[in-house]
Structures are given as structure tokens and as C-alpha cells.
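Me: I'm new to reading protein models. Could you walk me through one, feature by feature?

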Amino acid sequence: MENNGRGTWGSRIGFILAAAGSAIGLGNIWRYPYVTGQNGGAAFVLLYLACVLVIALPILLAELSLGRHTTLNPVGAFKKLTKSKVWPLVGYLGVVTGAGILSFYLVVAGWTLGFIVRTIIPSTESFTAFVSNPWEELGYFTAFLLLTVYVVLGGVERGIERWSKLLMPALAAILFLLIIYNLTLDGAMKGVEFYLNPDFSKIHGSTFLAALGQAFFSLSLGMGTMITYGSYISKKENIPFSATAVALSDTLIAFLAGLMIFPALFAVGVEPTQGPSLVFEVLPRVFSTMPGGTLLGVLFFILLAIAALTSTVSLLEVPVAFLVDEKQWTRKKSVLVVSALVFVLGVPSALSQGYVPALGELNIFGQQDFLSLMSFLFSDLSLPLGGMFICIFVAWVWGSRNALEEIKMGTTERTISLLGIWEFLIRYVCPVVIAIILLNVFGVF
Ligand code: PHE
């Protein structure tokens, strides 16, 4: 073992699968379509792709190299490279963000479990009734939390990784089938038009933040997940290659999810601006009319639940790795304490979808329900903020030259020639663009 006995991923593909497993999840299939819908469609998609390429991918490299270099959790990584007491705060922000995201993510992950059941035993209960039912909401939320705890404590992550090799391509295959079917529905072309024909008048200041936040969320960036995962990779690993593979597969799945949802949406008559319920309103209607739809539906929700599980595991891993490394807690104690906290934090999100009306009419930062508010605070604000500081730290405090030394280990000559672009992006473009987008939301300009 080359890094303080913490262990490394078994193989390159093992690491890529774990990182892709963290990245691919509800962010691609649940969040991406509804955020795209709320932000006007195709023009947003272009902005999103630009954010992935110009900002997220460079930061993914930065996080992975920081992790591999220090072989530590986010807080420890900052402590190791600077004496300043301020920089580790970025790591702490990541730890808190991990718990914050997990709290609402588990509620939606719970919905996927509910939909496995609802597809097998056809239910007349509407989506609105389903999410307003406190027993179903809390029950599935708790079940998913326990599932995550079981995986993290039971050390079966490696097993899941191996499964992902089969499951993620299977998810892509089902998406393809659904795309083909949905394109044959009446009104499908209106959806394709909405999704692929950009109308730039739909871009506002808030659209930029939505695209940026979604890019961070989808690639698990800005809170140290990839620092933590990077801390387990070996020096032989080609970081630029792996990072590109992860970003490509994540973006492809999201793009396909959009192509599947929008044609169906116009066919079944759901508004694109629907919000978090979008995919869960549209898909069951598609499955119910499709030949073999029940079987495909069950399979789809099972795969989605597993994709979500590989993400919740990585979210839980950040606060846990922090407590184990920095506070010398046992893994078991860390997992149990963090889960208890996440449970308490998640209850209001679970009950904000109808059961407690007050939690659904907040109107804070333009967000109506508690779940959307949490998603906005932690995904749209906290992740880009953390990402900006990670950029500045890697580029200017640790130093982009030192980071490059780390990145170059394990790469080929061809990749090295591209790294000049990375250095330019991480030093100037990423921090400045993120700062402008964040300041703009607070009305500075
Ligand atoms: N990337 C995950 C998804 O798209 C969510 C996530 C965010 C996981 C941040 C880890 C850290 O579902």
C-alpha cells in the first residue's frame, strides 16, 4: 500500500467506476431535466456544457491531484499544504455540504424506492398524494439512509463498484430504448425543439448560476468528494484520462436523460417548469402506455436507485473520512453520528412536499419548498463557492506548478502538452468566472 495504509483502488477501472458512480446519480436523471426545464431548455443546455468543459473538468483535475498528493480528506489536505488556519475552512464547508446534500438527496432517492413498489403494484395514488403522505416519505427516506449506512459500514463498496460495470451501461441502454419510444409519441417534436433549439432570450443572470451549480452537483465537485476519492488513487493513474472519462460519461447520461424526458413531457402534457417532481410525473405515464412498460419501469427505477446509492455513499464518505482521519473516531461511530444528523436535517425536506404546508410555501431565494431551498443553498451556492476556493488554493497557494507535477505522474507525453490549457483555466478563468456568477446572484452588478 503506497499511501499510509489507507489503501488504493484496485485498478484504474475500479477508480473510474467509483468516481463515475459518485457523479452519475439523481443529479443526471432527476435534477438535470427539471433544472433544464425551469431554465428554458436548449440555451441552458449549451451553458451547462460550457460549464462542464471550462470550469468543472479543470476543477475535477485539481481536486483529484490535491487528494492524491496529500492522501487525505478535504480538511486534512488543506492543513497539510498550508499553515494558515483559514484554508481548512474550505474543507469544513465541504464536510457540512456533504451532510446537507445528503439530507435532501435521500428524500428523492427514497422516491425511487417508492416508484419501484408503485410500478410493481400499480397504485392509483397521484404523485402529489404520494409525496404528501408522511409515512411513505419518511419510510422510504429512512430506508435509503439505512441502505447507504449498510454499504458504507459493511464495506461492500467494492462489490457495488464491480456491479456498476454492468449496471451503468444497462441504465444507458434503457435510456436509449425510452428515447426511441418517446420520440414516437404525439407532440414529441415540440420537446426536441425545446431541448435542442436554443432561444437565447431565455438566459438571465440566474441561468448562469443554475448551469454552474448543476455542473458542480452532477460531477460531485466543490465539496471534496473528488479530493477524498483522489486520495485513494495510485501514482500510476493517469489523472487527466480518468477525469475526462468520468466527465464524459456523466454528461452523456444527463444529456440522454433530457432527450428522453422532454419529448415525453409535451406528449403527456406536463409543464417543463414543473420542478423537482418532473421526472416522477412524466415517466410513470410513459411506462403505463408502453408495451412491456411495467417491466422496463421496474428495471429503470431499480437502476436509478442503485445509481443514487453510489452517490449517497460518496456523500456520506466525506464527513466520515474527515472524522476518521482528523478526529480519530472509529468508522462505525462516524457513520452512525453523521447519519443521525443527516436524518434530523432530512425530515423537514421529506415533509415539505405537501404534508406540512408551511414548509412548502417558503419563498426564500425564490425557492418554494424546503427541499428546493436546501438544494439551492447547498448545490447552487455552497458547491460553486467551495469550488472557487479549491481553484484559488490549488492555483495560487499550493501552486499550479506543484499541482502539475502531481498530475503529470502517470500521464503520457500527449496529455502533458494539453496541461498548459489546464493551468491557464485553473489560474484565471475558473476563479474569475465563478466569482462573477456568484456576485451577480447577490445583485452586485
Ligand atoms: N453527483 C451526484 C449526482 O449527480 C450527487 C453528488 C453531489 C454526489 C456532490 C457527491 C457530491 O447524483
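Me: Let's start with S231: is S231 buried or exposed?

Reply: Keep in mind that this is a predicted model. To call a residue buried, we ask whether its relative accessible area is under 20%. S231 comes out at 0% relative accessibility, so S231 counts as buried.

Me: Where is S231 found?

Reply: Look in the loop between helix 11 (225-230) and helix 12 (239-268). While you're there, check the side chain of S231: one of its polar atoms lies 2.5 Å from the backbone oxygen of T228.

Me: Are C51 and C391 buried or exposed?

Reply: C51 counts as buried, because its relative accessibility is 8%. C391 is buried as well, with a relative accessible area of 0%.

Me: Now a helix. How many residues does helix 15 have, and how far does it reach?

Reply: Helix 15 covers residues 331-351, which makes 21 residues. From first C-alpha to last, helix 15 reaches 30 Å, close to the 30 Å expected at 1.5 Å a residue.

Me: Where does helix 15 bend?

Reply: Find L345: helix 15 bends there by about 30°. A proline, P348, follows within four residues.

Me: Last topic: how many salt bridges does a search of the whole structure find?

Reply: For a salt bridge, we look for a side-chain nitrogen of Lys or Arg within 4 Å of a carboxyl oxygen of Asp or Glu. The search finds ten salt bridges. One of them joins the side chains of D380 and R31, at 3.4 Å from N to O.

Me: Why does the pair of D380 and R31 tie together parts that are 349 residues apart in sequence?

Reply: Because D380 lies in helix 16, while R31 lies in helix 2 (residues 26-38). As for burial, D380 counts as buried at 10% relative accessibility, and R31 is buried at 2%.

Me: Which residue forms a salt bridge with R68?

Reply: That's E406, with the closest N and O atoms 2.8 Å apart. This pair links distant parts of the chain, 338 residues apart: R68 sits in helix 3 (residues 42-70) and E406 in helix 16. R68 and E406 are both buried.

Me: And what about E125? Which residue does E125 form a salt bridge with?

Reply: E125 pairs with R118, and their closest N and O atoms are 2.9 Å apart. E125 is partly exposed, with a relative accessible area of 24%, whereas R118 is buried, at 15%. Finally, salt bridges that share partners join R68, K235 and E406 into one network.

Definitions and conventions
Residues numbered from 1 in each chain as written. Predicted model: local features only at pLDDT ≥ 70, side-chain atom pairs only at ≥ 80, totals over all residues. Heavy atoms only, no water. Buried < 20%, exposed > 50% of the residue type's maximum accessible area, 1.4 Å probe, protein only. Helix = DSSP H or I, 4+ residues; strand = E, 2+ residues; numbered from the N terminus. Expected span 1.5 Å × (residues − 1). Bend = angle between axes of the 7 residues up to and from the residue. Polar contact = N/O pair within 3.5 Å; in protein donor to acceptor, adjacent residues only side chain to side chain.
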